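Here is a short report on one part of a protein model. Look over the sequence and the structure before reading on.

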Amino acid sequence: MFERRIASSPGPNGWLTMKLEIDRNMVKAFINNAGEPSLVVDKLNSRSTRQPGLFKGDGSGGDFKTMTINATN
């Protein structure tokens, strides 16, 4: 439910672009400027504090090159 194969995914050492759209009830992940989301999931909680959090796992270093957060409403 929370994982899905990415079409045209980069190699394991490559970079990718990800845009997250977060609203009251769901999160959409757009990978490499795709027009359609690669993953859509219902939010796990009802918080609306506008404070996103990111989790890294599987022994990954969790490297981020550039991160920008924009509020749309």
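## Burial terms

Partly exposed means a relative accessible area between the buried limit, under 20%, and the exposed limit, over 50%. The model is predicted.

## Lys28 in β2

Lys28 sits in strand β2, which covers residues 26-31. Its relative accessible area is 27%, so Lys28 is partly exposed.

Which residues does Lys28 touch, leaving out those up to four places away in sequence? The contacts are Lys19, Leu20, Glu21, Pro37, Leu39 and Val40. Lys43 is 15 residues from Lys28 along the chain. The C-alpha atoms of Lys28 and Lys43 are 10.0 Å apart.

## Pairing of β2 and β3

How do β2 and β3 run, and how many bridges join them? They run antiparallel, with 4 bridges between them. Val27 has Val41 of β3 as its bridge partner.

## Two faces of β3

Side chains alternate along β3. Leu39 and Val41 point to one face, and these two are buried.

## Ser38 in the loop

Ser38 belongs to the loop between β2 and β3, the latter spanning 39-42. Is Ser38 buried or exposed? Its relative accessibility is 18%, so Ser38 counts as buried.

Setting aside residues up to four places away in sequence, Ser38 touches Arg4, Ala29, Phe30 and Ile31.

Technical notes:
Residues are numbered from 1 along each chain as its sequence is written. This is a predicted model: local features need pLDDT of at least 70, side-chain atom pairs count only at pLDDT 80 or more; totals for chains, interfaces and linings use all residues. Side-chain values use heavy atoms; hydrogens and water are left out. Buried means under 20% relative accessible area, exposed over 50%, partly exposed in between (1.4 Å probe, protein chains only). Contact means heavy atoms within 4.5 Å. Two strands pair if DSSP finds at least two bridges between them.
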